[in-house]
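Here is a short briefing on one protein chain. Look over the sequence and the structure first, then read on by topic.

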Amino acid sequence: MRCPFCGGEDSQVKDSRPTEDGSAIRRRRQCPACGARFTTFERVQLRELVILKKSGDKEVFERDKLARSIEIACRKRPIAPERIERLVSGIVRQMEAIGEAEIEAEVIGQAVMEGLKSLDAVAYVRFASVYRDFREAKDFEEFIGTIETVARTGAK
């Protein structure tokens, strides 16, 4: 593993352990050239997924990009990082389980929406505002109205 600090070609593994949810191996490494320490994560990847965007473009699926978007929606909310990691891992497993190499962006967006709905209402609305491209305060009012209606009636 290349050192992210000096670019050294080699690093030594000092400690390995599974992550809390068991979906990855966390490795603490040290560079013999500069002495810097850093952490890497090793995950199973069943297949390389490609996202089909609304514009027709294709983009390689990046787990870290998914995690960042969920973390942004959850920023300053009382949500443990482990819960966010479990949500991200669950969404990735869902996408891999579809069995297709190419997945529409909308499918991923809906999976995130469903996950955030059960995780935190504020994060859910934040993500929805970007995902559904809210342009005015009225858009927020209408969306929150649908959430309240669903909560009162118990419908989905």
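Two strands count as paired if DSSP finds at least two bridges between them. With that in hand, take β2 and β3: they form a hairpin with six residues between them. In that turn, Gly35 has a positive phi of about 85 degrees. The model is predicted.

**Overall layout**
- The protein chain holds five helices and six strands.
- Along the sequence, the pattern runs β-β-β-β-β-α-α-β-α-α-α.
- The radius of gyration of the protein chain is 19 Å, whereas a compact globule of 156 residues would have one near 15 Å.
- Along the principal axes, the C-alpha atoms fill a box of roughly 60 × 35 × 30 Å.
- Of contacts between residues at least 6 apart in sequence, 41% join residues at least 24 apart.

**Surface and charge**
- Buried residues account for 31% of the 156 residues.
- The accessible surface comes to about 10300 Å². Carbon and sulfur atoms supply 50% of that surface.

- Strand β1 covers residues 12-18 and strand β2 covers residues 24-30. These two strands pair in the antiparallel sense over six bridges.
- Asp15 stands opposite Arg28 of β2.
- The hairpin of β1 and β2 has five residues between the strands. There, Gly22 takes a positive phi near 75 degrees.
- β2 also pairs with strand β3 (residues 37-43), in the antiparallel sense, over seven bridges.
- Gln30 has Arg37 in β3 as its bridge partner.

**Ile25 in β2**
- Ile25 is found in strand β2.
- Is Ile25 buried or exposed, or partly exposed? Ile25 is partly exposed, because its relative accessible area is 28%, and that class lies between the cut-offs of 20% and 50%.
- Leaving aside neighbours within four places in sequence, Ile25 is in contact with Ser16, Arg17, Pro18, Thr40, Phe41 and Glu42.
- Ile25 and Glu42 are 17 residues apart in sequence. Their C-alpha atoms are 5.0 Å apart in space.

- Most residues other than glycine have a negative phi.
- Lys76 has a positive phi, near 60 degrees, and is not a glycine.
- Lys76 is found in the loop between α1 (63-74) and α2 (81-97).
- Lys76 counts as exposed because its relative accessible area is 79%, and exposed means over 50%.
- Asp133 is not a glycine either, and its phi is positive at about 55 degrees.
- The loop that holds Asp133 runs between α4 (121-131) and α5 (137-153).
- Asp133 has 41% relative accessibility, so it counts as partly exposed.

**Lys117 in α3**
- Lys117 lies in helix α3, which spans residues 105-119.
- Lys117 is partly exposed because its relative accessibility is 39%.
- How far apart are the C-alpha atoms of Lys117 and Ser129? They are separated by 13 Å, and the two residues are twelve apart along the chain.

How values were computed
Residues numbered from 1 in each chain as written. Predicted model: local features only at pLDDT ≥ 70, side-chain atom pairs only at ≥ 80, totals over all residues. Heavy atoms only, no water. Helix = DSSP H or I, 4+ residues; strand = E, 2+ residues; numbered from the N terminus. Rg over C-alpha atoms; globule rule 2.2 N^0.38 Å. Buried < 20%, exposed > 50% of the residue type's maximum accessible area, 1.4 Å probe, protein only. Contact = heavy atoms within 4.5 Å. Areas by Shrake-Rupley, 256 points an atom, 1.4 Å probe, with all protein chains shown as cover.
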